Amino acid sequence: MKDRFGISPEDVMHKIARDVMDDYDESLELEMEDGLLGAPFAASLSENEYKYFRELLRLQGELVKLQDWVQHTGQKVVVLFEGRDAAGKGGVIKRITQRLNPRVVRVAALPAPNDRERTQWYFQRYVAHLPAAGEVVLFDRSWYNRAGVEKVMGFCTNEQYEEFFRSVPEFEKMLVRSGIRLVKYWFSISDEEQHLRFLGRIHDPLKQWKLSPMDLQSRVRWEEYTKAKEVMLERTHTPEAPWWLVHADDKKTARLNCIAHFLSQIPYSDVDHENVVLPDRVRHPDYSRQPVPASMYVPEIY
C-alpha cells in the first residue's frame, strides 16, 4: 500500500539499500587514490558512479591545496551548513573533511544550550568556536538555529527572535571586517524526499540514532519551517554574507556542487614547498628493545 506521496514499502526498502550503498561508497572514498580509478575497480562501476568518484577525488585534491593555502597565508574561514533535517549537510561535511587535517579544518556541531549558555549573549557560545589564523571551521548548524528550530518550536520569545534579526547582519559584518571569510549554505530538499529519507531511517537500525523528537516535529511543522526559512533568507541575505542554496534531493550531486562552489569562493593558490627528504633512521648499538608482556596486546581474533 502506498502512502500519500505514492511511496510503497518497496520504495522504502530500495531507499535503505541505496543508503547502505552510499555508506559503502564512503568507505571506498577513504580508501581510493587517483590510480585506483584506472584499475579493474573502475570497470565494476556504473558510468555515473565512476564520474562521481573521479570528480570527488579531484575536488578533494583541490581542498588539500586550499587547506595548504589557508595555513600558509594565515587565513580564517567559516562555513555555515543549514537546511532541513535529513537534507544531507553531514554527508557534505564528511566529504570535505575526509582527506584534510582535523587540526586545520574542524567541525563545530554544538548541542542544545545548557542553562548557563541560555543566559549568555546569544552569539557567545558560537564565538568560542571561530577560527584562529590558518584554520577553517565548518558549522554543522549555527547561530541560525534561532531563526529556524527555536522560532518554530517556541524555544525563544518574539523579542529574542526580532533581536536576532537586528543583530545577525552586524555580527556577520564584524566577522568579515575582522578578516574571516564567511560562506553560508542552505540545503534544500523536497517534501517527498525528506519523507522518504525519514522512512529509511526509521526502518534502518544503523540510522535510527539520527532520528530525534525534533526531527519528527519537522515533518509535522513542514510549512512552519518553510515560512521561517523564507523570512530568514529575506532578512539575512546581505552583500557581506550572502546565502547560497544547494539543491539536495540527489545527495551525490549536492556534495559535488557544494564543494565545487566552496572552492570557487576562496581565492586559494598552490603553495611552493621544499622537497621532503626522508632522513636515515639513527641506530644506537647500546639500545635493545624491551619485551612487552603478551597480556598487554589486544587479542588478534581477526
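**Aromatic, cationic and helical contacts in a predicted model**

Apart from neighbours within four places in sequence, Ser142 is in contact with Leu80, Glu82, Tyr122 and Tyr126. The model described here is predicted. Ser142 belongs to the loop between E3 and H6, and its relative accessibility of 0% places it among the buried residues. Arg141 is found in that loop between E3 and H6 as well. The phi angle of Arg141 is near 75°, a positive value in a residue other than glycine.

A positive phi also occurs at Ala86, where the angle is about 70° although the residue is not a glycine. Ala86 is placed in the loop between strand E1 (76–83) and H4. With a relative accessible area of 9%, Ala86 is buried.

As for the chain as a whole, the protein contains 11 helices and 5 strands. Of its 302 residues, 43% are buried. Among contacts with a separation of 6 or more, 78% are accounted for by residues 24 or more positions apart.

The aromatic side chains were examined next. A pair of aromatic rings is described by the distance of the centres and the angle of the planes. A search of the whole structure gives 18 aromatic pairs. One of them joins Tyr144 and Phe164, whose ring centres are 5.7 Å apart and whose planes stand at 85°, so the arrangement is edge-to-face. Tyr144 lies in the loop between strand E3 (135–140) and helix H6 (149–153), whereas Phe164 lies in helix H7 (residues 158–177), so this pair ties together parts that are 20 residues apart in sequence. Tyr144 and Phe164 are both buried. Phe164 also pairs with Phe165: the ring centres are 5.4 Å apart and the planes are at 65°, so this pair is likewise edge-to-face, the threshold for that class being over 60 degrees. Phe164 and Phe165 are both buried.

These residues belong to one aromatic cluster, formed by Trp121, Tyr122, Phe123, Tyr126, Phe139, Trp143, Tyr144, Tyr161, Phe164, Phe165, Phe171 and Trp243. Tyr122 and Tyr126, members of this cluster, are also among the contacts of Ser142.

Charged groups over aromatic rings were found at two further sites. The charged end of Arg84 sits over the ring of Trp222, at 3.5 Å from the ring centre. The ring of Tyr52 has the charged end of Lys252 over it, 5.2 Å from its centre.

Helix packing was considered last. Two packed helices are described by the angle between their axes and the distance between the axes. For helix H4 (residues 89–97) and helix H11 (residues 251–265), the axes come within 9 Å and cross at roughly 55°. The crossing of H4 and H11 is right-handed. On the H4 side the contact is made by Gly91, Val92, Arg95 and Ile96, and on the H11 side by Arg255, Cys258 and Ile259.

Methods:
Residues numbered from 1 in each chain as written. Predicted model: local features only at pLDDT ≥ 70, side-chain atom pairs only at ≥ 80, totals over all residues. Heavy atoms only, no water. Phe/Tyr/Trp six-rings, centres within 6.5 Å; stacked < 30°, edge-to-face > 60°. Helix = DSSP H or I, 4+ residues; strand = E, 2+ residues; numbered from the N terminus. Buried < 20%, exposed > 50% of the residue type's maximum accessible area, 1.4 Å probe, protein only. Lys NZ or Arg CZ within 6 Å of the ring centre and 35° of its normal. Axes fitted to C-alpha atoms, helices over the stretch in contact; angles between N-to-C directions. Left-handed = near helix turned anticlockwise from the far one by under 90°. Contact = heavy atoms within 4.5 Å.
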